[in-house]
Amino acid sequence: MPTSPAPTPDATAALAPAPTPDSTADPAPVPAPAPSASLVTERLLLRPVRAADVPAVTRLWTDPEVRRHLGGPVTEQVVRIRQRRVVGAPGVHAVVRAADGVLLGLVTVEPGARDGETEVSYQFLPEHWGHGYAREAVAAVVEATLLATPSVVALTQEANHRSRRLLEAVGMTHVSSFVEYDAHQVLYRRRR
């Protein structure tokens, strides 16, 4: 599920190179440590990204609908770099439907990403929107993350009403609004 045409951080920001004039939409925060075990929910398996996942993950970076609230499709150069780094990347969870092994999206955890707080971000392929998968996956990651940190934050564009509803559904509260990346943003937080 995407989070408006102006650039914002996304679920794979940790996989991007340092910002350059060509890649400022994809800052490169310090990668987060990956949990040692996969997460399992009623319908989903959240696990490290595998080589076979790269084509579907690449769609997350290049699909205009997914990227509508994430600054638009990622440049070819950045995609190539991310493709080399995403397999097994720390903190990046491939969200897979347990029934058939189809990759639905990504959820990423980045400790210290936003003013020292752990940030959770996510992207899902459009054909899997509207089935509650993103809510189920993000809820599981937030719960697991809160076992090790006092709070979790998530950022989305103010215009992304679906993403805002998702964050509220997993118990996060809107705490601030501001302009960043030339777009109105909203920050949500959940504490232990």
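How many bridges join strand β4 and β5, and in which sense do the two strands pair?

1. Strand β4 (residues 103-114) pairs with β5 in the antiparallel sense, over seven bridges; strands count as paired if DSSP finds at least two bridges between them. Valine 107 stands opposite tyrosine 122 in β5. Helices (H or I, at least four residues) and strands (E, at least two) are DSSP runs, numbered from the N terminus.

2. A word on the basis: this is a predicted model, where local features need pLDDT of at least 70, side-chain atom pairs count only at pLDDT 80 or more, and totals for chains, interfaces and linings use all residues. Residues are numbered from 1 along each chain as its sequence is written, and side-chain values use heavy atoms, leaving out hydrogens and water.

3. The open sheet has eight strands in the order β1-β2-β3-β4-β5-β6-β8-β7, with mixed pairing. β1 (39-40) and β7 each have a single partner strand, so one side of each is left without a neighbour in the sheet.

4. Now to helix α4 (residues 161-169), where Ser163, Arg164, Leu166 and Leu167 are buried (under 20% relative accessible area, 1.4 Å probe, protein chains only). These buried residues fall within an arc of 160° seen down the axis, so they line one face of α4; the arc is that of the directions from the helix axis to the C-beta atoms. On the other side, Arg165 and Ala169 are exposed (over 50%).

5. Threonine 156 lies in strand β6 and is buried, with a relative accessible area of 1%. The side chain of threonine 156 makes a polar contact with that of serine 163 (3.2 Å); such a contact is a pair of N or O atoms within 3.5 Å, one able to donate a hydrogen and the other to accept it within protein, and residues adjacent in sequence count only if both atoms are side-chain atoms.
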